[in-house]
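Had a look through this one and jotted down some notes for you. Have the viewer open while you read.

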Amino acid sequence: MPRFDDRFHVPLFDNEWELDRRLLGRHLPLGPTPLAGEAPPRRPLRARPQPTEAAPPSARASLEAVLSNLSLALRSRHYSPRTEKAYLFWVRRFLAFHRWRAAESLGASEVKAFLAHLATAHRVSASTQNQAFSALLFVYRDLLDRPLEGLEDTPRAKRPLRVPVVLTRQEVAHVLRELRGAPWLLASLMYGAGLRVLEAVRLRVKDIDFERAELTVRDGKGRKDRLTVLPARLVEPLRSHVQRVRSQYESDRQGGVANVVLPDALRLKYPNAETSWSWHWIFPAARLYVDPDTGLRRRHHLHESVVQKAFTEALRRTRIVKTASCHTLRHSFATHMLESGYDLRTIQELLGHSDVSTTMIYTHVLNRGGLGVRSPLDAPPLPSPPPR
């Protein structure tokens, strides 16, 4: 039996998989279905969910209609599955906040009250509040075709300007020395090529050009492709890793596994591509799953949490006190490229930033000590510290 939150009379679940199913039901894009006897994969939300109360029977039909139409509208506009999952969550939470009143009966004042409640009662971050704001704007503008007067001019929560955490070259070397196997190779690619963690685990065989020492990042942030560098030190380790993956691929083919899923509708355009070697994952998962759409057994790419957990453990063993994550390797790549004398425009292309102003943040964390200035305390003729 689940525990209950006394403030809202809502069930609390320790298992995120069960929580996701209870909150969003069939509207949740669950992805791979685990085989019998296997633990379900963890699927962390972009905005970590807080339990909301169950909809009463009288409001359930209206809620299901809103969520179904919202899911259809998002997919028809090619929003990412994670955005769809987050928007579904925020719409449900918005309606729960207003005691499951119909969305059509709510207006700008109710939206503002909900956003204020998130900021004051729950103290959510600016990015989380803006995500909820975007979800509700989409519902009323694009789904209900009823733009809320005065809501478009509501100021967005101001995101704080943070300086990215950057590891020194020596610290990166210490962390990489603590990693083994696929996590080591993935972390090396994130630092050596400036990849995001999802871009690294989603690499396919056709995305690596050993001759030109290039990596092609497909469908990155903002659904953009880009080229980046393949570090020379990783060519041979990556070749050896690909050979081992090729053996697993051949074994899967003999076992009748349908192999990988293709993006969008490429499975219909290229029926044989899903079983071809060129489309196979560079970092496949250790276990198979059943595709909920086709019922076929497939192999997904390695889950990003595998490398995230390995990196966190490696960082702990090095006793580095910085609050670093896998994404810190990307920040370190950009900063060290700047220190090596490469121009901002080149680094912008390698990182895939739309605006060079995003890349300019790394000019503030160059290894110059205090923005490259000399403290007046260090200038003569100030006396040395007195002896104790």
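At what angle do helix α3 and helix α5 pack, and how far apart are their axes?

1. Helix pair. Keep in mind that this is a predicted model. Helix α3 (residues 81–97) packs against helix α5 (residues 126–143) at about 85°, and 9 Å separates the two axes. Angles from 65 to 115 degrees count as roughly perpendicular, so that is the label for α3 and α5.

2. Who touches whom. On the α3 side, the contact is made by Ala86, Tyr87, Trp90, Val91 and Phe94. Their partners in α5 are Thr128, Gln131, Ala132, Ser134, Ala135, Leu136, Phe138, Val139 and Tyr140. By residue class, the contact of α3 with α5 splits into 11 nonpolar and three polar residues, with no charged ones.

3. A tyrosine to click on. Tyr289 sits in strand β6, which spans residues 284–290. Is Tyr289 buried or exposed? Its relative accessibility is 8%, so Tyr289 counts as buried, the cut-off being under 20%.

4. The whole chain. Zooming out, there are 14 helices and seven strands. The chain has 388 residues, and 43% of them count as buried. Its accessible surface is about 22200 Å², with 53% of that belonging to carbon and sulfur atoms.

5. Contact range. Take the contacts between residues at least 6 apart in sequence: 62% of these join residues at least 24 apart.

Note on methods
Residues are numbered from 1 along each chain as its sequence is written. This is a predicted model: local features need pLDDT of at least 70, side-chain atom pairs count only at pLDDT 80 or more; totals for chains, interfaces and linings use all residues. Side-chain values use heavy atoms; hydrogens and water are left out. Helices (H or I, at least four residues) and strands (E, at least two) are DSSP runs, numbered from the N terminus. Buried means under 20% relative accessible area, exposed over 50%, partly exposed in between (1.4 Å probe, protein chains only). Axes are lines fitted to C-alpha atoms, for helices over the stretch in contact, and angles run from 0 to 180 degrees between N-to-C directions. Angles under 35 degrees count as roughly parallel, over 145 as roughly antiparallel, 65 to 115 as roughly perpendicular and the rest as oblique. Contact means heavy atoms within 4.5 Å. Ala, Val, Leu, Ile, Met, Phe, Trp, Tyr, Cys and Pro count as nonpolar, Asp, Glu, Lys and Arg as charged, and the others, Gly among them, as polar. Accessible areas come from the Shrake-Rupley method with a 1.4 Å probe; for residues, only the protein chains shown count as cover.
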